[in-house]
Amino acid sequence: MAFRVFLSYSLDPAEMALAWRLQTLAAAHGIEMYVPQYGVGTVAPGAVTVNQAIDRADCVLAIITTAASQVVQNELSYALERRKLVIPIVRTELALPLLARFPRVFTFSPSDNPGAVETQIVEFLKEQQLTKEKQQTIGALAALGLGLIVLFSLNKE
């Protein structure tokens with residue numbers, strides 16, 4: 001069975017391609033990543049709902065570079081209620097009350113060394129008593145997401 005990740009994201013509209021690139025990279029390595037389409041009308045009959053996707057996920061990766069919408073906050077609250085492993089990667093200057101509910105929040109600044117955040121995430125994953133394979137998978141996805149954000153930030157400058 002494929003490893004499943006739910007991507008909760010709050011990105012600047014110009015960064016939206018990052019979510020789709022991360023999903024493509026995950027799929028290329030056999031990881032099923034659900035990326036919700038915010039602002040899209042009704043869900044097609046038979047389609048997986050956001051809550052179902054979170055229920056099925058092995059973990060939730062949250063990448064937040066802008067103020068989180070109510071939809072994103074609801075996703076993260078639902079994941080916490082379901083006791084899902086959530087890896088919140090948040091731009092340093094953002095302060096969200098919801099983040100206080102997480103055991104660990106990983107903050108980054110595009111001008112900082114992303115390796116430090118990656119190390120913190122890997123250490124956190126080791127504490128979660130996950131299999132080595134799950135640790136490596138989640139760590140790699142988090143590193144890819146962080147790397148894409150940093151590259152995009154550098155490209156904007």
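I began with strand β1 (residues 3–10), which pairs with β2 in the parallel sense over four bridges. Two strands count as paired if DSSP finds at least two bridges between them. I took strands (E, at least two residues) and helices (H or I, at least four) as DSSP runs, numbered from the N terminus. Arg4 has Glu32 in β2 as its bridge partner.

I noted that this is a predicted model: local features need pLDDT of at least 70, side-chain atom pairs count only at pLDDT 80 or more, and totals for chains, interfaces and linings use all residues. Residues are numbered from 1 along each chain as its sequence is written, and side-chain values use heavy atoms, without hydrogens and water.

Next I looked up the whole sheet. Five strands form an open sheet with parallel pairing, in the order β2-β1-β3-β4-β5. β2 (31–34) and β5 (106–108) are at the edges with a single partner strand each, so one side of each has no neighbour in the sheet. The twist averages 20° from one strand to the next.

Then I checked helices. Helix α1 (residues 16–28) lies across β1, β2 and β3 (59–64), at about 155° to β2. Angles run from 0 to 180 degrees between N-to-C directions, and axes are lines fitted to C-alpha atoms, for helices over the stretch in contact. Contact means heavy atoms within 4.5 Å. Helix α3 (residues 70–81) packs on the sheet and touches β1, β3 and β4 (86–91). Its direction makes about 145° with that of β1.

Last, I looked up aromatic rings. How many aromatic pairs are there? The count is two. Rings of Phe, Tyr and Trp (its six-membered ring) pair if their centres lie within 6.5 Å; planes under 30 degrees apart are stacked, over 60 edge-to-face, and the rest tilted. The Phe6 and Tyr34 rings have centres 5.5 Å apart and planes at 15°, so this pair is stacked. Phe6 is in strand β1 and Tyr34 in strand β2, 28 residues apart, so I wrote down that the pair links distant parts of the chain.
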